[in-house]
Amino acid sequence: MNISLGLLLSELGVELESPHRRNPAFAGFELYIPGSPHTPGQILLIAKLSEALFAPKGDDQYYLCVRDRRQDESETGDFLKNIFIINKNMDQRELLNGVRYVFARLQDWVQLMQESVLANRGLQDLMNLCEPIIGNHISVQDESFNLLAATKNIDADDETTQRLMENGYHPEETIRRFLKYRRIEQYETADENELIVSRDMVISKYDTVKKVYKYNDAFFAIVVMVCCNKSYSDAIEELYQLLIRYITYYLEKERPQFAKPRQLEFFISELIGKTILSEDEARLRANSLNLPFEGRFELNLIVFNDILNIPAPRLAHDLSLRLANADTTVYSRDILILCRLSGSGDERRRRTKQIAGLFGELNCNCGVSNEFGSLWDMAVAYGQAHAAVLTGERLRLARKEEGSFRFYHYEDFYLNHLIANGIDSLPGVFTNSFAFWAINSLKLHDEKHSANLLETLAAYLENERNATSAGERLHMHRNTVLYHVRKIEDILDVSLGDADVRMKLLIGLKAFELDRI
């Protein structure tokens with residue numbers, strides 16, 4: 001291994017007389033003996049300043065020196081090339097022994113980590129080995145922020161770290177802080193080849209250094225160093241990077257276990273994507289996962305509006321602990337809940353309440369499919385749940401209703417969905433249809449006369465032409481409703497007693513709700 005000059009000085013607890021921009025790394029060291037031949041390679045020479053000043057100065061020849069002479073005109077230009085002078089009163093032997101100790105200590109540590117990995121002793125063994133070297137608290141967590149390994153003998157008087165160690169995972173209070181300060185987004189968008197250094201003190205009272213591991217563009221593990229004993233510095237980062245090299249071995253090797261897609265996620269993803277070759281194969285796969293292939297199912301889809309700042313794996317994990325007769329997984333950064341129905345309305349209400357309790361404060365909504373009888377129909381159920389959310393939210397925005405967590409059942413929105421799809425697929429075809437013309441005519445009349453014929457038409461048709469019920473909805477006398485209905489018939493030159501006319505007008509009203517007219 002190579003040890004940089006900065007790390008060596010940090011471990012020695014010394015500084016240089018003059019700061020240097022360069023930070024060369026060395027594979028070893030030697031005592032400099034005047035007149036000895038040049039030692040090739042990345043070798044640091046331990047010397048007296050009086051000897052190093054007049055020694056050969058190759059591009060790869062570096063001297064770490066103790067001062068044994070007064071400063072004079074010789075300590076300029078080429079004479080000081082590649083010379084680093086210790087700003088401490090010590091002799092050459094003391095410096096040599098210190099350097100020897102640092103090299104031996106760090107090389108022994110690296111060797112022990114290599115042996116640990118070869119013997120497959122696991123992440124916790126690496127944590128134990130790094131404690132006396134790095135000295136800061138370090139934890140390895142999975143995508144759900146469950147603890148995989150940590151430096152158990154290093155105490156951090158930091159609430160976030162303490163709660164992690166006490167629970168074995170980050171509790172909900174911490175997750176909420178992650179969301180508030182957009183840490184999830186930070187992890188999801190991080191460059192896997194770079195470290196994240198946080199010095200804002202909003203999550204931890206100390207500087208933290210994080211390494212994110214990603215799979216399919218989503219993070220599946222994270223290694224966090226809390227600088228509770230040794231402040232963040234290039235030297236500390238270098239030690240952390242040495243440790244990361246061996247942690248990476250385990251996380252990369254166990255990627256299928258740690259990372260997405262896992263077995264259930266993979267199976268459901270294939271069902272939705274229709275990449276399983278046959279129903280018989282799907283049946284066998286479901287059996288291996290202890291999933292009933294046939295029965296009474298309902299699919300709930302939690303769709304997040306801020307997908308980059310949502311701990312979807314953690315939320316799915318928490319939900320799976322709360323829900324009975326349900327399997328929860330992550331799909332495209334949203335959450336899927338495959339519910340097995342028993343016919344009990346109480347069970348459905350209880351599940352709805354539990355889902356709302358976990359997600360109610362987040363910027364998301366839940367689409368609910370129609371009931372289906374086989375996992376082979378998963379793609380249809382997913383399409384229904386997804387369409388329910390999109391259509392329901394579109395209607396909410398059109399009606400300018402306040403946003404909050406909602407359940408959108410496809411059965412309540414499938415007409416709107418069909419109409420919107422039809423219009424979007426061939427928009428020009430419908431522009432001169434009776435439905436579009438009629439709604440536009442009433443809209444122009446309302447705007448010109450400050451009337452509400454469109455609203456009256458909707459209430460009248462949706463209440464099966466019951467003028468009394470429509471009046472109650474509109475806070476209007478039934479005779480006034482009937483007067484407005486006759487006016488609508490006159491403007492459009494139609495009879496609302498005609499079922500075909502009513503159907504076309506209802507389609508037009510739903511298109512108007514979706515802002516398609």
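Guide: The buried residues of α19 pack against α16 (434-449), α17 (453-462), α18 (467-474) and α20 (499-513). Contact here means heavy atoms within 4.5 Å. This is a predicted model, where local features need pLDDT of at least 70, side-chain atom pairs count only at pLDDT 80 or more, and totals for chains, interfaces and linings use all residues. Residues are numbered from 1 along each chain as its sequence is written, and side-chain values use heavy atoms, leaving out hydrogens and water.

Visitor: Which residues of α19 are buried?

Guide: They are Val481, His484, Val485, Ile488 and Leu492.

Visitor: Why are the buried residues of α19 said to line one face of the helix?

Guide: Look down the axis of α19: they fall within an arc of 105 degrees, so they share one face. The arc is taken from the directions between the helix axis and the C-beta atoms.

Visitor: Why is tyrosine 213 called buried?

Guide: Buried means under 20% relative accessible area, exposed over 50%, and partly exposed in between (1.4 Å probe, protein chains only). Tyrosine 213 has 1%, so it counts as buried.

Visitor: How many aromatic pairs does the structure hold?

Guide: It holds 19. Rings of Phe, Tyr and Trp (its six-membered ring) pair if their centres lie within 6.5 Å; planes under 30 degrees apart are stacked, over 60 edge-to-face, and the rest tilted.

Visitor: Why is the pair of tyrosine 213 and phenylalanine 220 called tilted?

Guide: Their ring centres are 6.3 Å apart, and their planes stand at 55 degrees, so the pair is tilted.

Visitor: How do you know that lysine 211 lies over the face of tyrosine 213?

Guide: A charge sits over a ring if NZ of Lys or CZ of Arg is within 6 Å of the ring centre and within 35 degrees of the ring normal. Lysine 211 is at 5.0 Å from the ring centre of tyrosine 213.

Visitor: Why is strand β15 called largely enclosed?

Guide: In β15 (residues 364-368), 5 of the 5 residues are buried, so the rest of the structure largely encloses it.

Conventions:
Helix = DSSP H or I, 4+ residues; strand = E, 2+ residues; numbered from the N terminus.
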